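Me: I have a structure open and some quick questions. Can you walk me through it?

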Amino acid sequence: MTTLSHLSGLFRGTFRHGIHPPDNKHFTASRPIERLPFSRELVLPLSQHAGKPSVPLVRKGQEVARGEPIAKADGFVSVPLHAPASGVIKDIRLMPSARGPMVESVILEVYPGDPQDILYGAEVDTEAMSPKEITQAVQDTGLVGLGGAAFPTHVKLAVPEGNPIHTVLINGCECEPFLTTDHRLMLEQAEDLVKGTRILMRAMGAERGLIGVEDNKLDAVEAIRNVLEPNDTVSVKAVQTKYPQGAEKMLAKSLLNVEIPPGKLPFSVGLGVFNVATTAQIGQLLPMNRGVIERVVTVTGPGVERPGNYMVPIGTPIRFLLECLGFEGGTRHLIMGGPMMGGTVSSLDTPITKGCGGLLVLNEHQLTTEEQMRRYPCINCGACVEACPMLLNPCELGRLANKARYDVMAERYHLNDCFECGSCSYVCPAAIPLVQYFRVAKSANRERAAAS
Amino acid sequence: MSGAVQLKTSPHLRGMHSVDKIMRHVVYALLPVCVFSVLQFGISALALILVSTLVCVGTEHLFCRLQHRDTTVNDWSAVITGLLVGLILPPGFPIWMAVVAAFVSIAIGKLFFGGLGFNVFNPALVGRAFAQAAFTVPITTWTPGMAHRRFLEFIPTTWTLPFLQPDMEHFRAWVAKLEIDGFTGATPLAMMKFEHLEADKLELFLGTLASSAGESSAFLILLGGLYLAWRRFLDWRIPAGVLGSAFVVSGIFYLQNPDLYPTPVFTLVSGGLMLGAVFMATDMVSSPVTPAGIWLYGILIGSVTVVIRLFGGLNEGVMYAILLGNAATPLLNNLTQPRTFGASRRPRKENAT
């Protein structure tokens, strides 16, 4: 059986280039999703998503029930926000955010001893809903891409006219090292996941649903297969384990051998791509007409005493999580998200937001050794060229970035096709922070475009 | 607690390779070649390799000190250049000339361009090209290998006094005294070129014939190259392109006139082609990074080598072929930009905006 699965691994779909960082998922992969007590206070940024910030519906001092909407969407590319716990609104003020700047946030003081039942929502028949109604219902849940991009999910459902969608791809790759939230979700909530897939398929008019899972999680493939019907329109397929398999363009290539053209979205080739956590939430929330109030977060790394996968109310400050789970001194890095694309945080008051699937607590030497960090000039080795999944030339881009030739980078070397996966920086033997160069270059180009 | 937290940008993980690790492993791969060279040519080769390495490292250190910056010798790249300079000179090459060649290779070939990562040409070959122009006689003076007293006495030309040419009369008398059958003072390549005599290919492969200090054993060079390619410290496509194209191009000539031209196998195992293909054409700094560029670069070097060997005034062409390849690298990089994921085969029009 194992030999057979090894053999079939050779024929699993994949994309060109990419890297194989140590996955470090053993810390938490076998730990079922657990609940933690409520934090005394929740911090709910009004902008946890790409698009316009939500507009608060509550005043200071107002009581709210768990699941109650506390902010509404401001326009189409925006989502509402729901109270993750019953309590009282303490304040609406600026608080630190994961990205750095202070953002306007609702501070919710949780009632201690409250049973915290969700009183909101009523069962609806999703079978009877039209695609338009589903899109609206998805917006009402406040769902954003839970894989990390935090792009409002309903916007993806509203495909421009003339772009028929044939397949909905569900992204269960979780290619970021350390993170295991999607893995646990697929094992424990396979039914919600498949239900969500069917809802998404109907919303987009797709004939087929395809769930892609990296082949280091074959138990998840099995778990999903067990809840499918014979001759189901939804199917599940393993793809090769390789970073960044979870990028939508890579996944489409691996599963269907389709290349999404540069600068285009999946709908241009008849696809819709959604993360498994997002899809499972749709399967869970939509039939109950509820909003997103919690998410699974992998808290892991050598700096945490009890690593695991936890169901965490949105807005829980990192400080509370770390106090609950035991925090070792000497920690140097707190990373929100995965180690490849996540960012370090400056304040322990930063809350867990909708897009945050992981909290890594790492020590200096567990990340990189001194030798690995030593900076050298670029030696033209071409390792970055061999790693870039977008088949760009990070070597030349890096050289141009050094000379601040940002315009040439964009025009001749396709800077804007870089989605900042970090593969080039990972392999660079000269320890050049290529991805950071590219981020700087892109923002410089954006500023210049805005100025002219 | 929060005071100890450090802010960094992603990715927070880093692969296992670093520049000094790559360079160190290239040195490891070169060591068997050096050892064989000493076994074959004795203490003269040892002195030559040691001196050229020390001079290269010393020159780099000195220049860093003069520029008031941290020394860069600990990245091991100067050691590679030093070893290579020693290995591509004839074993009896006067030491003072080797000092000059080694100094030129690092100073002019590398540091004048800006040091590691900025040199356009392979530094060792810059040194060798300088020696070729400046010291025409000693660089074509070959010594028989496996001489009886090679571990006891130096080749007479080795300790030529600085700024003097070696005493060739004395050298010829010394060679005659060795009484080695059939030694004509010519390398297999020269014999091929001028007398159309082809040396035994197995001997060439194992490396028991006259040659530069470290170019004789194609076998050990190939072994080092395989190790580096396996550990991914070397791009296998470059030696594959060089050797493959040299094989094909020389094969075409051989088929046309087998009496005049050498067999393709002879081309591969003779002279400096193997060392050049494995250890010098693959120098990362001076070779292209794009997939198509890498193949074109290898093919260019392999074909030019054969053309120089067969039609040029020199019997050896690897050095100039690689230098030419180095010079073409920026152009090759520029012309062979990879096709972006999902882009159509034809260049995109939107670039014009």
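Me: Let's start with a pairing. In S10(A), what is the bridge partner of Val168(A)?

Reply: Gly209(A) is the bridge partner of Val168(A) in S10(A). Strands here are DSSP runs of E with at least two residues, helices are runs of H or I with at least four, and both are numbered from the N terminus. This is a predicted model: local features need pLDDT of at least 70, side-chain atom pairs count only at pLDDT 80 or more, and totals for chains, interfaces and linings use all residues. Residues are numbered from 1 along each chain as its sequence is written, while chains are lettered from A and ligands numbered from 1 in the order in which they are written.

Me: In which sense do S9 and S10(A) pair?

Reply: Strand S9 (residues 167-172) of chain A pairs with S10(A) in the parallel sense, over six bridges. Two strands count as paired if DSSP finds at least two bridges between them.

Me: And how many bridges join S10(A) to S11?

Reply: Six bridges, and the two strands run parallel. Strand S11 covers residues 234-239 of chain A. In S11(A), Lys237(A) is the bridge partner of Gly212(A).

Me: Which helix goes with S10(A) and S11(A) in a β-α-β unit?

Reply: Helix H6 (residues 218-227) of chain A. The unit is right-handed. That is, with the strands pointing away from the viewer, the path from the first strand over the helix to the second runs clockwise.

Me: Switching to helices. How far does H5 of chain A reach?

Reply: Helix H5 (residues 190-204) of chain A has 15 residues and reaches 21 Å from its first C-alpha to its last. That is close to the 21 Å expected at 1.5 Å a residue. The expected span is 1.5 Å times one less than the number of residues.

Me: Why is H5(A) called largely enclosed?

Reply: Because 12 of its 15 residues are buried, H5(A) is largely enclosed by the rest of the structure. Among them are Leu193(A), Val194(A), Ile199(A) and Met201(A). Asp192(A) and Lys195(A) are buried too.

Me: What comes just after H5(A)?

Reply: Gly205(A), with a positive phi of about 70 degrees.

Me: Now sheets. What is the strand order in the sheet of six?

Reply: S1-S14-S13-S17-S15-S16 (chain A). The sheet is open, with mixed pairing. Strand S1 (34-35) and strand S16 (343-344) of chain A stand at the edges with a single partner strand each, so one side of each has no neighbour in the sheet.

Me: Which pairs run which way?

Reply: S1(A) and S14(A) run parallel, joined by two bridges. S13(A) and S14(A) pair in the antiparallel sense over six bridges. Strand S13 (residues 294-300) and strand S17 (residues 358-362) of chain A run parallel, with three bridges.

Me: Zooming out, how many helices and strands does chain A have?

Reply: Chain A has 16 helices and 17 strands. Its radius of gyration is 22 Å, close to the 22 Å that the globule rule gives for 452 residues, so chain A is as compact as a globular protein of that length. The radius is taken over C-alpha atoms, and the rule is 2.2 Å times the number of residues to the power 0.38. Of the 452 residues, 55% count as buried.

Definitions and conventions: A residue is buried if 20 or more other C-beta atoms lie within 10 Å of its own, exposed if 12 or fewer, and partly exposed in between; C-beta atoms are placed from the backbone.
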